[in-house]
Amino acid sequence: MLQDLGRNLISGARLCFLLSVDRRDFRVSVDQAFLLLFLGISTVVTLDMVLAADGGLIPLERVGIYALAIITGLLGCFAAMRLIGTPNDLTPVVVMLLAGLFWIIPVFAPLLLVAGPEKLGPTTPAGIAAGCIVVLWFLVIAMRSVQRLTGSGLMKATVAACVLVIFTALPRLLVSDTTSWLPAPARLPSAAMQENLYYGQFGMMDRAISWLDTHRKGTTDPVSYT
């Protein structure tokens with residue numbers, strides 16, 4: 001199993017960096033799909049924890065986005081294979097995509113560690129540029145995967161790849177609050193901090209009032225600091 005995983009990663013690197021690779025270079029199975037998925041998620045989560053301001057856990061919002069991205073990504077793979085008439089190739093395309101996309105992480109991880117989320121955040125010019133590069137790179141990997149797997153022409157491969165990218169990007173497009181993508185409140189831009197504080201003060205007031213006991217007429221209640 002681990003030997004097959006290593007072979008898939010090597011073939012995925014060739015797929016990712018535009019080197020010659022064939023469908024037969026991959027070891028396709030459901031086990032390998034889950035192993036590659038686990039490896040990719042573990043690597044991304046570890047990177048997020050390293051980048052977190054307090055060194056703690058990643059925000060719950062991002063965990064939900066990861067889960068949604070997995071679901072929509074699988075739906076995208078099925079839709080793309082159905083579109084070109086080969087729905088039974090779902091497992092092979094998942095293995096090839098996961099093996100190829102894994103190598104984008106070590107390319108951008110050093111940049112994130114050096115520059116930090118402040119300079120490469122989703123709302124910064126550098127972050128937007130990096131996001132566009134990742135999307136285009138994903139598109140190329142998806143096109144190569146479909147072509148190597150089905151032998152289809154450039155047009156079909158491009159359409160299928162676009163479907164994959166759109167489905168995978170859906171979680172990011174559906175998230176309207178961009179601040180949930182940043183690792184910790186301490187690293188939020190000052191404007192976002194002020195806005196969060198403004199809208200959060202009502203909830204803080206409600207929680208503070210809820211701690212107070214009901215007033216009893218003619219009775220002075222003791223003050224507790226516990």
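Analyst: Happy to! Let's start with a term we'll want for the aromatic residues: rings of Phe, Tyr and Trp (its six-membered ring) count as a pair if their centres lie within 6.5 Å. Also keep in mind that this is a predicted model.

User: Okay, which residues form an aromatic cluster here?

Analyst: One cluster is made up of Phe17, Phe108 and Trp137.

User: And how many aromatic pairs does the structure hold?

Analyst: There are three aromatic pairs. Take Phe102 and Trp103: the ring centres are 5.4 Å apart and the planes sit at 85 degrees, so this pair is edge-to-face.

User: Why edge-to-face, with the planes at 85 degrees?

Analyst: Because planes over 60 degrees apart count as edge-to-face, and the planes of Phe102 and Trp103 are at 85 degrees.

User: Is Phe102 buried or exposed?

Analyst: Phe102 is buried, with a relative accessible area of 15%. Trp103 counts as partly exposed, at 24% relative accessibility. The cut-off for buried is under 20%.

User: Let's zoom out. How many helices and strands are in the chain?

Analyst: The chain has nine helices and zero strands. Reading from the N terminus on, the elements run α-α-α-α-α-α-α-α-α. The chain has 226 residues, and 33% of them count as buried.

User: Now the helices. At what angle do H1 and H7 pack?

Analyst: Helix H1 covers residues 2-16 and helix H7 covers residues 125-150. They pack at an angle of about 115 degrees, and their axes are 9 Å apart. That makes H1 roughly perpendicular to H7.

User: Which residues meet there?

Analyst: From H1 you have Arg14, Leu15 and Cys16, and they meet Trp137, Ile141, Arg144 and Ser145 in H7. Sorted by class, the contact of H1 with H7 has four nonpolar, one polar and two charged residues.

User: Nice. And how do H1 and H4 pack?

Analyst: H4 is the helix of residues 90-101, and H1 packs with H4 at an angle of about 75 degrees, with the axes 7 Å apart. That makes H1 roughly perpendicular to H4. H1 brings Asn8, Gly12, Ala13, Leu15 and Cys16 to the contact, while H4 brings Val95, Met96, Ala99 and Gly100.

User: Which classes are in the contact of H1 with H4?

Analyst: By class, the contact of H1 with H4 has six nonpolar and three polar residues, and no charged residues.

User: Switching topic: where does Gln32 lie?

Analyst: Gln32 lies in helix H2, which covers residues 30-51. Gln32 counts as buried, at 2% relative accessibility.

User: What does the side chain of Gln32 reach?

Analyst: The Gln32 side chain reaches the backbone oxygen of Met1 at 3.0 Å. Leaving out residues up to four places away in sequence, Gln32 touches Met1, Asp4, Leu5, Asn8, Arg27 and Val95. Asn8 and Val95 also turn up in the contact between H1 and H4.

User: Last one: is Ser20 buried or exposed?

Analyst: Ser20 is exposed, with a relative accessible area of 58%. You'll find Ser20 in the loop between H1 and H2. Setting aside neighbours within four places in sequence, Ser20 is in contact with Arg14 and Arg144. Those two arginines also take part in the contact of H1 with H7.

Terms used
Residues numbered from 1 in each chain as written. Predicted model: local features only at pLDDT ≥ 70, side-chain atom pairs only at ≥ 80, totals over all residues. Heavy atoms only, no water. Phe/Tyr/Trp six-rings, centres within 6.5 Å; stacked < 30°, edge-to-face > 60°. Buried < 20%, exposed > 50% of the residue type's maximum accessible area, 1.4 Å probe, protein only. Helix = DSSP H or I, 4+ residues; strand = E, 2+ residues; numbered from the N terminus. Polar contact = N/O pair within 3.5 Å; in protein donor to acceptor, adjacent residues only side chain to side chain. Contact = heavy atoms within 4.5 Å. Axes fitted to C-alpha atoms, helices over the stretch in contact; angles between N-to-C directions. Parallel < 35°, antiparallel > 145°, perpendicular 65-115°, else oblique. Nonpolar A, V, L, I, M, F, W, Y, C, P; charged D, E, K, R; others polar.
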